Amino acid sequence: MSAGRVLRPLLLLAPLALLAVGCGAAEPSEAKAADAAREAARTVGERLYGQRPRTAEEAGREAAGMDGVEVMRVDGTSTHDGKGLVLVVRTSGSAYNSTFDLEEVVVRRCFAVRVSPGSEWREEPRDVDCPESLPLVFGPAPEPPELPAAELRAKLPRVPEGGRADETEVRRVLSALDMDSAVRTEVQAEDGRVGVLLLVPGDGFGAQDCVLARVGPGETEVWVPPRVQRMRGEAGCTVSNALHPAPLPH
């Protein structure tokens, strides 16, 4: 057989071989869509990650409030009881490859997301079968306890110029206030002054709810730091900020 006759079939087969290689290298759209659904479930774990205790109701409500997330089941009573919580969530993902798909491919998948002090950051959600039941419905979150800023301002002691603030007296005022047990208080004395923090722990994402106070010679002040200072990672809601206030944002 001549060389020309052998070459022609090889040339005809070359494009087919390239197409086969290209198809094998491309991830199927359904797999890519499933990866997107898994990433959405992983985001649930990220949102709930941390050491702050949450009840099953709180964790479920927070997850259900995320875009594209349905909470199908919550196993456990709280993040810090026993092995913590396992949330079964249903998410969706989509993918489109114009070479292979006539339209966008959309999948819905269920994953188990573990939430406990032992959870790892960006822990891999586990594939599970979706329950046949409807998604859980959670009521609105309870209103956070009110911080008695006005009452605190009225009852804190006034210290004359040249005097020293009495930490014991400040603590007595705080103990006499009718505050919710969820309100955390801190008191710190420094150089004749006393700083006070009243704090309602938040979800770690939105602005915290807090009131600061400072009692010193010739000054008794009570205020709420600006929202930007009360965000996660900022030091606005600290007793140190009561004693040494950060500059106001422009």
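In strand β3, Val107 is the bridge partner of Gly93. This pair belongs to a predicted model, in which local features need pLDDT of at least 70, side-chain atom pairs count only at pLDDT 80 or more, and totals for chains, interfaces and linings use all residues. Residues are numbered from 1 along each chain as its sequence is written, and side-chain values use heavy atoms, with hydrogens and water left out.

**Sheet β1 to β4**

- Strands β2 (residues 85-95) and β3 (residues 105-115) run antiparallel and are joined by 11 bridges; two strands are taken to pair if DSSP finds at least two bridges between them.
- An open sheet is formed by 4 strands in the order β1-β2-β3-β4, with antiparallel pairing.
- Because β1 (70-75) and β4 (126-128) stand at the edges with a single partner strand each, one side of each is left without a neighbour in the sheet.
- From one strand to the next, the twist averages 35°; axes are lines fitted to C-alpha atoms, for helices over the stretch in contact, and angles run from 0 to 180 degrees between N-to-C directions.
- Helix α2 (residues 29-48) packs on the sheet and touches β2, β3 and β4, where contact means heavy atoms within 4.5 Å.
- The direction of α2 makes about 30° with that of β3.

**Overall architecture**

- The protein has 6 helices and 8 strands, which are DSSP runs numbered from the N terminus (helices H or I, at least four residues; strands E, at least two).
- Along the sequence, the pattern is α-α-α-β-β-β-β-α-α-β-β-β-β-α.
- Of the contacts between residues at least 6 apart in sequence, 54% join residues at least 24 apart.

**Burial and nonpolar cores**

- Of the 250 residues, 35% are buried, that is, under 20% relative accessible area with a 1.4 Å probe and protein chains only.
- The largest nonpolar core has 20 residues, and those touching the most other members are Leu152, Leu156, Leu174, Val196, Leu198, Val211 and Val222; such a core is a set of buried Ala, Val, Leu, Ile, Met, Phe, Trp, Tyr and Cys residues joined through side-chain atoms within 4.5 Å.
- Two or more residues of this core come from each of α4 (149-155), α5 (167-176), β6 (193-200) and β7 (209-216), and β6 gives the most, with 4 residues.
- Residues touched by Val211, not counting those up to four places away in sequence, include Leu147, Leu152, Val196, Leu198, Val222 and Trp223.
- A second, separate core of 18 residues has Val69, Val74, Leu87 and Val113 among its members.

Notes: Buried < 20%, exposed > 50% of the residue type's maximum accessible area, 1.4 Å probe, protein only.
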